[in-house]
Amino acid sequence: MDHGSEPDAVSGVAREHERPAKLTMKAKRPTDSGSEPDTVSGVVREHERPAKRTGKAKRPMDHGRTRFVTGFLVVPVALYVVYVISPYAQAFYIAFTNWRGVNANPQFVGLENFQRLLGDNVFWKAVSHNLLLLILMPVLTIGIALFFAFLLNSGGKGGTEGIWGSKFYRVVFFFPQVLAVAVVAVLFQQVFRPDKSGMINAPLIALGIEPIGFLSSTSVALWAILGVLVWQAVGFYVVLFSAGISSIPRDMFEAAAIDGAGKVQLFFRVTLPLLWDTIQVGWVYLGIAALDVFAIVWVMTAEHGGPDYSTTVMAAEIYRNAFQYFKFGYASAMGVVLFFFTIGFAALALRLSRRERIEF
């Protein structure tokens, strides 16, 4: 066959020995620094690829954003340190001294104030009252608020619609939150009066029944305080839980009602699980309020925690020792104990009430 003739083919296929040899490895040839990179099948040679970056270089905008955010945070953080962290630190320091509020150089006494607390019967009586409020106040407030919130939002036809005038009722329930705590205390002083001018005892006296000493009986006074605290707090949580129930899709209630669920089942099987996060937050807030209660007790009761310390609480004892007995070091030790009680309760409540979140 001549060199310039056409290639011999069988069925249009070139002979095997006349096909170009396959490229089995990349040939390496030197290139000038300014020449184009040699490629095989459009792939840049491995040794000519640019080295990978090991880290992201910060853009100028990132530095500007950091300065912008830092500039906004400086003032709030400084105010928080001065007006929150600093008083806490000072209270912890004063708790280890015998400072009386007037001497310029308080004497360091170590753990003496805390040792005195162990034998202070009035303080431990106050602790027991706070613990009672801590248990009952959240339970009663959340239970009553959930009941009314569910009726307002699902008490209508078929258990899937709110009742008529629900918005008006929310305003009525929220009204106690508008009143100052001192006003509430003075108001219930008149309600609980043991004579004919008392709102509760007046009908009892008219019926010939002996009046009840709500604030003068050592066995009843603390329960009267608890009732006032629940009355004041329940309206806020009715509104809070109503907002949570309103955010639940109506389709869930309608589907459960179609399956034959009654109002009780709708509450426990649909409303309660989907409202659990809101209830958890409310429980923590109410627990902290029960530990920090002060104004209601101080204004309403005789002898500011009486009679016979039957209604006193830790906050009242802190105030009494600091501003009546001028034992600021001892009062600060009580404050430190109250601080750890509050932090411990919040952490424990969040831990025990933790559960898998339901998305809807």
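Arg193 and Asp195 pair through their side chains in a salt bridge, with N and O 2.9 Å apart. This pair belongs to a predicted model. How exposed are the two partners? Arg193 has a relative accessible area of 31% and is partly exposed. Asp195, at 27%, is also partly exposed.

**The whole chain**

The protein has 360 residues, and 32% of them count as buried. Its secondary structure amounts to 13 helices and 4 strands. The protein exposes about 23,400 Å² of surface. Carbon and sulfur atoms supply 64% of that area.

**The second salt bridge and helix α12**

The salt bridge count comes to 2. Besides the pair described above, Arg320 bridges to Glu317, with the closest N and O atoms 3.0 Å apart. Where do these partners sit? Both are in helix α12, residues 314–323, and lie 3 residues apart, about one turn of the helix. An α-helix has 3.6 residues a turn, so residues three or four places apart point the same way.

Are these two partners buried or exposed? Arg320 is buried, with a relative accessible area of 4%. Glu317 also stands at 4% and counts as buried. Both values are under 20%, which means that each partner meets the rule for buried.

The rest of α12 is mostly covered as well: 8 of its 10 residues are buried. They are Met314, Ala315, Ala316, Glu317, Ile318, Arg320, Asn321 and Ala322. What covers them? The cover includes α3, α10, α11 and α13.

**Relative accessibility of selected residues**

| Residue | Relative accessible area | Class |
|---|---|---|
| Arg320 | 4% | buried |
| Glu317 | 4% | buried |
| Thr342 | 13% | buried |
| Trp124 | 37% | partly exposed |
| Val172 | 45% | partly exposed |

Thr342 is part of helix α13, residues 328–352. Its relative accessible area is 13%, so Thr342 is buried by the 20% cut-off. Which residues does Thr342 touch? Leaving aside residues up to four places away in sequence, Thr342 touches Ile288, Leu291 and Asp292.

Trp124 sits in helix α3, residues 121–154. This tryptophan is partly exposed at 37%. Leu117 and Leu118 touch Trp124, again not counting residues up to four places away in sequence. Val313 is 189 residues from Trp124 along the chain, yet their C-alpha atoms are separated by 9.2 Å.

Val172 belongs to helix α4, residues 166–178. It is partly exposed at 45%. What separates Val172 from Gly235? They are 63 residues apart in sequence and 8.0 Å apart in space, C-alpha to C-alpha.

**The largest pocket**

Rolling a probe the size of a water molecule over the atoms shows where empty space is left. The largest pocket has a volume of about 510 Å³. It is lined by 20 residues, of which Tyr88, Ala91, Ile318, Gly335 and Val336 are the closest to its centre.

Helices α1 (60–94), α12 and α13 each supply at least two residues. By class, the lining of the largest pocket holds 15 nonpolar, 4 polar and 1 charged residues.

**The second largest pocket**

The second largest pocket holds about 250 Å³ of space. Its lining has 15 residues, and the closest to its centre are Met137, Val181, Leu229, Gln232 and Ala289. Two or more lining residues come from each of α7 (221–246), α10 (276–291) and α11 (295–300). How does this lining divide by class? The second largest pocket has 13 nonpolar residues, 2 polar and no charged.

Helices α10 and α11 are also part of what covers the buried residues of α12.

Notes: Residues numbered from 1 in each chain as written. Predicted model: local features only at pLDDT ≥ 70, side-chain atom pairs only at ≥ 80, totals over all residues. Heavy atoms only, no water. Buried < 20%, exposed > 50% of the residue type's maximum accessible area, 1.4 Å probe, protein only. Areas by Shrake-Rupley, 256 points an atom, 1.4 Å probe, with all protein chains shown as cover. Salt bridge = Lys/Arg side-chain N within 4 Å of Asp/Glu carboxyl O. Contact = heavy atoms within 4.5 Å. 1 Å grid on protein atoms, 1.4 Å probe; cavity = no way out; pocket = protein on both sides within 12 Å on 5 of 7 lines; lining within 4 Å. Points joined across faces, edges and corners; volume = space filled by probe spheres on them. Nonpolar A, V, L, I, M, F, W, Y, C, P; charged D, E, K, R; others polar.
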